[in-house]
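The structure comes first, then the details.

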Amino acid sequence: MSQGAGIDSILKENRVFAPPHEFAVASRVPSLERYQELYDLAERDPEAYWAGVALDLRWTKPWTQVLDWQPPSARWFDGAETNLSHNCLDRHLATRGNRAALIWEGEPGDARILTYQQLHRETCRFANVLLRLGVRQGDRVAIYLPMVPEAAIAMLACARIGAVHSVVFGGFSAEALRDRINDAGAKLVVTADGGYRRGKVVALKAAVDAAVERAPSVERVVVVRRTGDKVAMEPGRDSYWHELVEGVSDKHEAASLPAEHPLFILYTSGTTGKPKGIVHTTAGYMVGVYSTTQMVFDLKDNDTYWCTADVGWVTGHSYVVYGPLLNGATTVMYEGAPDFPEQDRLWKIIDKYDVTIFYTAPTAIRAFMRWGEQWPMRHDLASLRLLGTVGEPINPEAWMWYRQVIGGGRCPIVDTWWQTETGAIMCSPLPGATPTKPGSCTRPLPGIAMDVVTRDGTPVPPGQGGLLVVRRPWPSMLRTVWGDPERYARTYWSDVPGCYFTGDGARRDEDGYFWVMGRVDDVINVAGHRLGTMEVESALVAHPAVAEAAVVGRPDDLKGQAIVAFVTLKGGTGARLEPGEDARKALMAHVVTEIGAIARPDDIRFTDALPKTRSGKIMRRLLKEIAAGGETKGDTSTLEDISILARLRADDE
Ligand code: ATP
Ligand code: MG
């Protein structure tokens, strides 16, 4: 990293969308002035601000200190005791026991709706089962399930008894699962006989069997019967969920847990390297996700809220399960693929359940664009009132498409920046308050001190790129990396003095809006200019024939680095370009007119797919190695489709 770590910004985006008047007047934070007041209030006394938020929730013992900060170790609400599962379930029984907590749809079209009462009962039952199987406070439980209600129930049951859950995405291989089980030392694994994905059965139990063979910590395996397929059951170790819960009491008093009791371990996506076991604790995480869900999604009693993330990612933890339930909302969960049986499945679900809030990822939005607007147009999406995105910077063209085609031009979009490490949303528009600009996550939430700085911590002036940092601890921040406190200190608290370093590059504009420019490690150095990947990619995606683009640097004797762009063209009838020399020239010229000659790609390679993590993020580090003509050496355990690498390398020859 260069001393200043400055990044040149070349993207110009002038579109601004004010919150619609009707939306604003009915929302919790109805104006930019009100947001500013809240923000300033929190800045004057952050601890008082967070304590105020925390008072909405139930505590079995009050805190003696809001924050105890011994850098880089934070303790929030120290002395207090509470229970997350109690706050998600029991707290709502008197007021909304018969409201739908979870609306679930399986890929084959089967459905289940669980009210708060029912979800509470199922959770208590499974909590009693876990206790009976010998799981105690602090023990680790691995959850390797498809998107079925039992995933949420298992998480809530762990939280209820104080067991630490480690949810592993159901698409991961046996080896990836084994690594995570061993790293956490899990005592019990919850899995299923299978799950449905694109009409096929994913054989989860077989993967667990292979993983557990060399995972000595595992004593018991609980198997949810989802497909009914026959699976091997090891006597003494494996039991079916439905048999275990039979006759077990549906009453369980949630354990009163210390505020800093570990709640879960979750491994990051692996976009930049080997996944880290991020540790979150009880009270701070609860306060963070409760308040962000309420503010950012402007939750109302009659909302039907749907976040499409898998529970295997932090978004699934915070905004499918815990955040919506803490707020007493109705959360939708869908098991399968978005293109099964056809490419309109998600729109069909929105139509069917009258979903009002829809939260998804840029990678999904780019896929919807590629599939075409005929799919959403088949359905009535008028119930939608708010849209959200998370996971990567969203290219302005994808943002515009989302707004027009899915949101009908009437729904605000909340582009939410956050990380597994931050636990909860950090920077996002408040939909009734913040005018939005396509591609910007706008301004930090109250209580969050975000900044863009040079390596020594000096803020950079508006318009200039730098390192995205957080200047102060916040309640839902990670507490450590599981089993590796040294890595925690080094990765997050050593790059910029006194600050939490996010690993991302960003700039702030004249209005104080943040624009995330990609990972600092991915910044390209061209003839003395440091360019973020996001801006060049967005210029490419703005071309009508381009579906997706990933830009990386390749060593170059003259310029330091040359720009290599990997481009996926739109298929179907609307496509205006065929891969080849003409297309290459057209796209190079397009980038020059969009952002200037400095960003002109030296090389454009067409590909039918980009290497992505299982969570759908582009893995530029692998493309960088391919562009340099070398072997891919980094960690590929979280890569979605390993064959893409071979195809990309073959194209090279
Ligand atoms: P790893 O840390 O293992 O490389 P990862 O960073 O992809 O994986 P996550 O914690 O799931 O794992 O992702 C957080 C990152 O995703 C952020 O640091 C940022 O780079 C990106 N990101 C998330 N939301 C946004 C957003 N709204 N705008 C821009 N970037 C985003
Ligand atoms: Mg990360």
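## The ligand shell

In this predicted model, the shell around ligand 1 holds five nonpolar, nine polar and seven charged residues. In total, 21 residues surround the ligand. The closest are T268, T271, T272, T420 and K617.

## Polar contacts and burial

Which side chains reach oxygen atoms of ligand 1? T420 is one of them: an N or O atom of its side chain lies 2.6 Å from an oxygen atom of the ligand. T420 also belongs to the closest residues listed above. For Q419, a side-chain N or O atom is 2.8 Å from a ligand oxygen. S269 places a polar side-chain atom 2.9 Å from an oxygen atom of ligand 1.

How much of ligand 1 does the protein bury? Taken alone, ligand 1 exposes 630 Å². The protein buries 95% of that area.

## The largest nonpolar core

In soluble globular proteins, nonpolar side chains tend to be buried together. Here the largest nonpolar core has 144 residues. W59, F77, F126, F297 and Y322 have the most contacts inside this core. Helix α7, spanning residues 149-161, gives the most to the core, with 10 residues.

F126 shows what such a contact set looks like. Leaving aside neighbours within four places in sequence, F126 is in contact with I153, A154, A157, V190, V222, W241 and V245. Among these, I153, A154 and A157 fall within the 149-161 span of helix α7.

## A second core

A second core is separate and has 33 residues. V355, W375, L384 and I394 are included in this second core.

Terms used: Residues are numbered from 1 along each chain as its sequence is written. Chains are lettered from A and ligands numbered from 1 in the order in which they are written. This is a predicted model: local features need pLDDT of at least 70, side-chain atom pairs count only at pLDDT 80 or more; totals for chains, interfaces and linings use all residues. Side-chain values use heavy atoms; hydrogens and water are left out. A residue is near a molecule or strand if one of its heavy atoms lies within 4 Å of it. A polar contact is a pair of N or O atoms within 3.5 Å; within protein, one must be able to donate a hydrogen and the other to accept it, and residues adjacent in sequence count only if both atoms are side-chain atoms. Accessible areas come from the Shrake-Rupley method with a 1.4 Å probe; for residues, only the protein chains shown count as cover. Ala, Val, Leu, Ile, Met, Phe, Trp, Tyr, Cys and Pro count as nonpolar, Asp, Glu, Lys and Arg as charged, and the others, Gly among them, as polar. A nonpolar core is a set of buried Ala, Val, Leu, Ile, Met, Phe, Trp, Tyr and Cys residues joined through side-chain atoms within 4.5 Å. Buried means under 20% relative accessible area, exposed over 50%, partly exposed in between (1.4 Å probe, protein chains only). Helices (H or I, at least four residues) and strands (E, at least two) are DSSP runs, numbered from the N terminus. Contact means heavy atoms within 4.5 Å.
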